[in-house]
Amino acid sequence: MPLSNSQYDSLQREYDSRRLQAFHKVKDNKEKLYQKEPEILKIDQSIASLSIKHAERLLEGDSSAIVSLKKSISELEDKKSELMSNLGVDSSFLEPAFKCEDCKDTGYINGKRCHCFKQASMDILFSQSNLKSVLSEENFSKFNYDIFSDECIDAASNQSPLKAIKSAVITCRNFIDNFDEKHGNLFIFGPTGVGKTFLSNCVAKELLDCGKSVIYFSAFNLFDVFRENAYNKNSDAQDMYQNIFNCDLLIIDDLGTEVSNSYTNSQLFMCINERILRHKSTIISTNLNLEGLRDTYTERIFSRISQKYDFIRLVGQDLRLSTRRA
């Protein structure tokens, strides 16, 4: 979902305010510096005067005067640096301290949205979605192993729900710890209500706290974004489409609940493959087992997931039902 017009305007005002504050800070610093050393004020005035003359001579084509003016300005700059050094003041004291040095807090680089602006957009969407409140409850600090049975053994995996979830947590912790180096992917599968989404949210919370960009989509909503980008070529739709490929972690929840056809298959392969090529991590959760994955999607999708994803199988009965009964 792209930013609304009001959200975009609000974010742009925030950027304008940042720049204004940065320049105000420089102005205040100059005033403090001039009070400490009035000679610096005289030098700045001289530099400003010579710069105007330099521009005038440049327009007149007087190259000999330009060389002389440049030399004079350089000498004044050196003298100013020496005075500041004597005061123990670094040159950065008179430079705007932008939050993003790449775009100078404009939000744009060469007419395109800066990475910081895109991240700020995602942060707004995240904070206004229900995911923020969900992650306050679904995270590793709230993880409770006591709700998982250690008695009922799953025939296919020969594991109890408790053993499976403990192994899954270890895999997820390794995924988080090696996130920047390995660019791994997780495929979490199992029946309804065994903790797949909860586990994905635990990982999302840890990485968001580390400053990583995380986007969550149900499979149904993900394919809606693909369709919106294909048929509605506006900048917001295209930005959200690109965010899917550029975010640090993409979570695709409940894969297999969407209507599967040749279009969704081609879009899913493109999404998975492109993120692998860009060294971006993805978590997929699904009720499908591996046989169901192979039967539902193309051989190319199954092959890519098999090669590039770590598999996490969760087993047991629906925890939500057993918790309610308890």
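Patches here are built from residues with over 30% relative accessible area and no salt bridge, joining like charges within 9 Å and nonpolar side chains (Val, Leu, Ile, Met, Phe, Trp, Tyr) within 5 Å. By that rule, Glu 75, Glu 77, Asp 78 and Glu 82 gather in a patch of negative charge on the surface. Keep in mind that this is a predicted model, where local features need pLDDT of at least 70, side-chain atom pairs count only at pLDDT 80 or more, and totals for chains, interfaces and linings use all residues. Residues are numbered from 1 along each chain as its sequence is written, and side-chain values use heavy atoms, with hydrogens and water left out.

**The negative patch**

- The place of a charge is taken as NZ of Lys, CZ of Arg, CG of Asp or CD of Glu.
- Accessible areas come from the Shrake-Rupley method with a 1.4 Å probe, and for residues only the protein chains shown count as cover.
- Glu 82 is exposed, at a relative accessible area of 51% (buried means under 20%, exposed over 50%, and partly exposed in between, with a 1.4 Å probe and protein chains only).

**Salt bridges**

- The model has 12 salt bridges, each being a side-chain nitrogen of Lys or Arg within 4 Å of a carboxyl oxygen of Asp or Glu.
- Glu 39 and Lys 79 pair up through their side chains at 3.8 Å, N to O. Glu 39 belongs to helix H2 (residues 38–60) and Lys 79 to helix H3, so this bridge ties together parts that are 40 residues apart in sequence.
- Both ends of that pair are partly exposed: Glu 39 has a relative accessible area of 29% and Lys 79 one of 41%.
- Glu 206 and Arg 173 make another salt bridge, at 3.7 Å from N to O. With Glu 206 in helix H8 and Arg 173 in helix H6 (residues 161–177), the pair ties together parts that are 33 residues apart in sequence.
- Glu 206 is partly exposed at 24% relative accessibility, and Arg 173 is partly exposed at 35%.
- Lys 205 and Asp 209 form a bridge at 2.8 Å, N to O, and both lie in helix H8, 4 residues apart, about one turn of the helix.
- Lys 205 counts as partly exposed at 24%, whereas Asp 209 counts as exposed at 53%.
- Glu 14, Arg 18 and Asp 105 are linked in a salt-bridge network.

**Around Phe 179 and Lys 212**

- Phe 179 is found in helix H7, residues 179–182, and is buried at a relative accessible area of 6%.
- Leaving out residues up to four places away in sequence, Phe 179 touches Leu 207, Lys 212, Asp 248, Leu 249 and Ser 281 (contact means heavy atoms within 4.5 Å).
- Asp 150 is 29 residues from Phe 179 in sequence and 30 Å from it in space, C-alpha to C-alpha.
- Lys 212 lies in the loop between helix H8 (196–209) and strand S4 (214–218).
- Setting aside neighbours within four places in sequence, Lys 212 contacts Phe 179, Asp 180, Leu 207 and Asp 248.
- Lys 212 and Cys 247 are 35 residues apart along the chain, with their C-alpha atoms separated by 8.1 Å.

Methods:
Lys, Arg positive; Asp, Glu negative; His and termini not counted. Helix = DSSP H or I, 4+ residues; strand = E, 2+ residues; numbered from the N terminus.
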